[in-house]
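I opened the notebook to look up how the parts of one protein chain sit against each other. The entries below keep to what I could look up.

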Amino acid sequence: MIDAIYFDGISARRHPVTLMLHKGVAAFHGEEVRRSIKLSRLDISERLAHAPRLLRMPDGACLEVNDPGLDRLLRANGYRDPWVVRWQQNWPLSLFALVSLLAALIAGYQWGLPWAADNFAQHLPASIEKKIGEGQMTLIDERYMQASKLDPAEQVRLRRMFAKLQQPYGEKVDYRLEFRDSRIGPNAFALPNGVIVMTDQLVQLAQDDRAVMAVLGHELGHLHRRHSLRRLLQAAGVGVVMHMFIGDVSSALAALPTFLIDQKYSRDFEREADQYAIEMMQANEVPLSPMADLFVKMGEARSANRHASAEAGEDDADDEDEEEAPVNRRGSKQRNTWLDYMSSHPSDDERIARLKAADDGK
Ligand SMILES: [Zn+2]
């Protein structure tokens, strides 16, 4: 038997009572009150260090218990604290819960987000992809590109040449090839709406149709696997794209970094796109070494350009930043930003070797 205070739930009056717990039933009596109620019908507040516990009844009445003996009585009657409460009162378990939560968050970021982005990308209506791509093209045109200065006949010739090539995996990927004169150097990229952009500077640097075809094949590979959209979703989050469903697309796009030309695909994406290019070129008996040679040329041109920048007295110390955020950098300091295919396509010796090996493997 322990002491308790009874409140009837109507008035604020305190009724001192004596409480007994027996066989799953709580019974209490005082001067003006005598009640019994099943333990299972009570809502029992959690145990806190210095606060009384409350036993609430369905009709709003309530018992306030200060006696720590209540714990023992409750246990003897088969009552157990909810598991959350038990965990809270056990610090190793609390620590474990915290670490688990952190692990879940990290795993969610590492695998869950790409997974959600990929799934979302597979089910995004084509109309949304079209809007995203068009918005990005407009932005890129405004900031970085001008109409191509390539001879129109040359453009037609390259378009036809690529269109004649057979696509691998027996699937036809729709695309539209656009040429642009750019102030960001040799570059090529694929937008979610199926537009492949190639800069005049890349065509000029390549000096070889076979290299141009292989780079286009690589970009078609990105389209085939929807890399651009998946990367966008991973970077921007599904929320931004959801906003495009319901809201004004242009405002959503304005909020996005124009990361596309600086698009850093994951190595896996690059490998997939390279593999696509390899399959496509082999099916059409186009060698891959010219593409590898083009990459080498780009690498050389790039370091030469960096060197020139450094000699011109420009602050070249934070070059890494330049690669991360070329867009932000624009305007703050008009420097010779060498944004090229190499910076968005981390091109290592391994990759070049793989392309060359594809020729030998035939
Ligand atoms: Zn790529």
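**Entry 1: ground rules.** I noted that this is a predicted model, in which local features need pLDDT of at least 70, side-chain atom pairs count only at pLDDT 80 or more, and totals for chains, interfaces and linings use all residues. Residues are numbered from 1 along each chain as its sequence is written, and side-chain values use heavy atoms, with hydrogens and water left out. Helices (H or I, at least four residues) and strands (E, at least two) are DSSP runs, numbered from the N terminus.

Entry 2: I looked up the strand order and found 4-3-2-1-7-6-5 in an open sheet with antiparallel pairing. Two strands pair if DSSP finds at least two bridges between them. Strand 4 (34-38) and strand 5 (43-44) are the edge strands, each pairing on one side only. I then checked strand 2 (residues 15-22) and strand 3 (residues 25-30), which pair in the antiparallel sense over six bridges. Leu21 stands opposite Ala26 of strand 3. Helix 1 (residues 69-76) packs on this sheet and touches strand 1 (2-7), strand 2, strand 5, strand 6 (53-56) and strand 7 (62-65). Contact means heavy atoms within 4.5 Å. The direction of helix 1 makes about 45° with that of strand 6. Axes are lines fitted to C-alpha atoms, for helices over the stretch in contact, and angles run from 0 to 180 degrees between N-to-C directions.

Strand 3 and strand 4 run antiparallel, joined by five bridges. They form a hairpin with three residues between them. Phe28 has Arg35 in strand 4 as its bridge partner.

Entry 3: I found the order 8-9-11-10 in an open sheet with mixed pairing. Strand 8 and strand 10 (188-190) stand at the edges with a single partner strand each, so one side of each has no neighbour in the sheet. Between strand 8 and strand 9 (residues 176-182), which run antiparallel, I found three bridges. Gln146 stands opposite Asp181 in strand 9. Helix 4 (residues 126-143) lies across strand 8, strand 9, strand 10 and strand 11 (195-199), at about 90° to strand 8.

**Entry 4: Ser148.** Which loop holds Ser148? I found Ser148 in the loop between strand 8 (145-147) and helix 5. The side chain of Ser148 makes a polar contact of 3.2 Å with that of Gln155 and one of 2.7 Å with that of Asp200. A polar contact is a pair of N or O atoms within 3.5 Å; within protein, one must be able to donate a hydrogen and the other to accept it, and residues adjacent in sequence count only if both atoms are side-chain atoms.

**Entry 5: helix pairs.** Helix 5 (residues 152-164) and helix 7 (residues 209-224) pack at about 60°, with axes 10 Å apart. That angle makes helix 5 oblique to helix 7. Angles under 35 degrees count as roughly parallel, over 145 as roughly antiparallel, 65 to 115 as roughly perpendicular and the rest as oblique. On the helix 5 side I noted Arg157, Leu158, Met161 and Phe162.

I turned to helix 11 (residues 267-283) and helix 16 (residues 349-360), which pack at about 20° with their axes 10 Å apart. These two are therefore roughly parallel to each other.
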